[in-house]
Amino acid sequence: MTNLKQALSLGFTGALAIFIASYFSLPPWVIFIAWVSYHLFGTNLKTAFTILIQQFSGILIGMFIQYTGIWFSAFIGEFGFPLAVFIAMIGIFYISKMKRLNTVPAYFLGLITWFSSGFEITVLSLFILVISLIIGYAIASLDTFLHQKLAVKK
């Protein structure tokens, strides 16, 4: 019976994620990226917040790559974007040497989130992606909480 309750809980939180994404016109795949991140990097709020900060940084780095890539391309053609990526990757390397900001895959998940979105560089785009990530982490946390509560009850 516990497995059924946990399966229903997972179904509920998944449906909740899709409902929220649909209702607020948010990209559901970003919510699920956050959900996966929550489970991959540790299921506690402190770790989730640290990973969220790194994913947010990855989105900002993606915006930087897009902006500088266009700018560099005006001067050096097709090598503009590779140069922008080269510079950004050096930055990620050094940022990841900081004690709490050392999860390189989280930066890349932020980059994936940005480049997959196809958004223009605007504050609204950044807001939509960050809110989607926060909602994803919250729903993953809710799902974990429900699973733990349902596993205890027999």
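Colleague: What makes α3 oblique to α5?

Modeller: The axes of helix α3 (residues 45-76) and helix α5 (residues 104-117) come within 7 Å and cross at roughly 50 degrees. That angle makes α3 oblique to α5, since angles under 35 degrees count as roughly parallel, 65 to 115 as roughly perpendicular, over 145 as roughly antiparallel, and the rest as oblique. The axes themselves are lines fitted to C-alpha atoms, for helices over the stretch in contact, with angles running from 0 to 180 degrees between N-to-C directions.

Colleague: Which residues of α3 and α5 make the contact?

Modeller: From α3 the contributors are I51, Q54, Q55, S57, G58, I59, I61, G62, M63, I65 and Q66, and from α5 they are A106, Y107, L109, G110, L111, T113, W114 and F115, where contact means heavy atoms within 4.5 Å. The residues of this contact divide into 11 nonpolar, 8 polar and no charged; Ala, Val, Leu, Ile, Met, Phe, Trp, Tyr, Cys and Pro count as nonpolar, Asp, Glu, Lys and Arg as charged, and the others, Gly among them, as polar.

Colleague: Why is Q55 called buried?

Modeller: Q55, which is placed in helix α3, has 0% relative accessibility and therefore counts as buried, the class being defined as under 20% relative accessible area, with exposed over 50% and partly exposed in between (1.4 Å probe, protein chains only). Leaving out residues up to four places away in sequence, Q55 touches I33, S37, A106, L109, G110, L133 and Y137.

Colleague: What does the side chain of Q55 make with the side chain of S37?

Modeller: The two side chains make a polar contact at 2.8 Å, and the term requires a pair of N or O atoms within 3.5 Å, of which, within protein, one must be able to donate a hydrogen and the other to accept it, while residues adjacent in sequence count only if both atoms are side-chain atoms.

Colleague: What makes α2 roughly antiparallel to α5?

Modeller: The axes of α2 and α5 come within 11 Å and cross at roughly 170 degrees, an angle that makes α2 roughly antiparallel to α5. The contact is made by W29, V30, I33 and S37 of α2 together with L109, T113, S116 and S117 of α5, and its residues divide into 4 nonpolar, 4 polar and no charged.

Colleague: Why are α3 and α4 called oblique to each other?

Modeller: Their axes come within 7 Å and cross at roughly 140 degrees, and α3 and α4 are therefore oblique to each other. Here α3 passes α4 in a right-handed crossing. The residues in contact include I61, F64 and I65 of α3, and L83, A84 and I92 of α4, and the contact of α3 with α4 divides into 14 nonpolar, 5 polar and no charged.

Colleague: Why does I92 count as buried?

Modeller: I92, in helix α4 (residues 80-95), has 3% relative accessibility and so counts as buried. Apart from neighbours within four places in sequence, I92 is in contact with I61, V104, Y107 and L111.

Colleague: How many helices and strands does the protein chain have?

Modeller: The chain has 6 helices and 0 strands, helices being DSSP runs of H or I with at least four residues and strands runs of E with at least two, numbered from the N terminus. Buried residues make up 38% of its 154 residues.

Colleague: What do the values rest on?

Modeller: Residues are numbered from 1 along each chain as its sequence is written, and side-chain values use heavy atoms, leaving out hydrogens and water. As this is a predicted model, local features need pLDDT of at least 70 and side-chain atom pairs count only at pLDDT 80 or more, whereas totals for chains, interfaces and linings use all residues.

Technical notes: Left-handed = near helix turned anticlockwise from the far one by under 90°.
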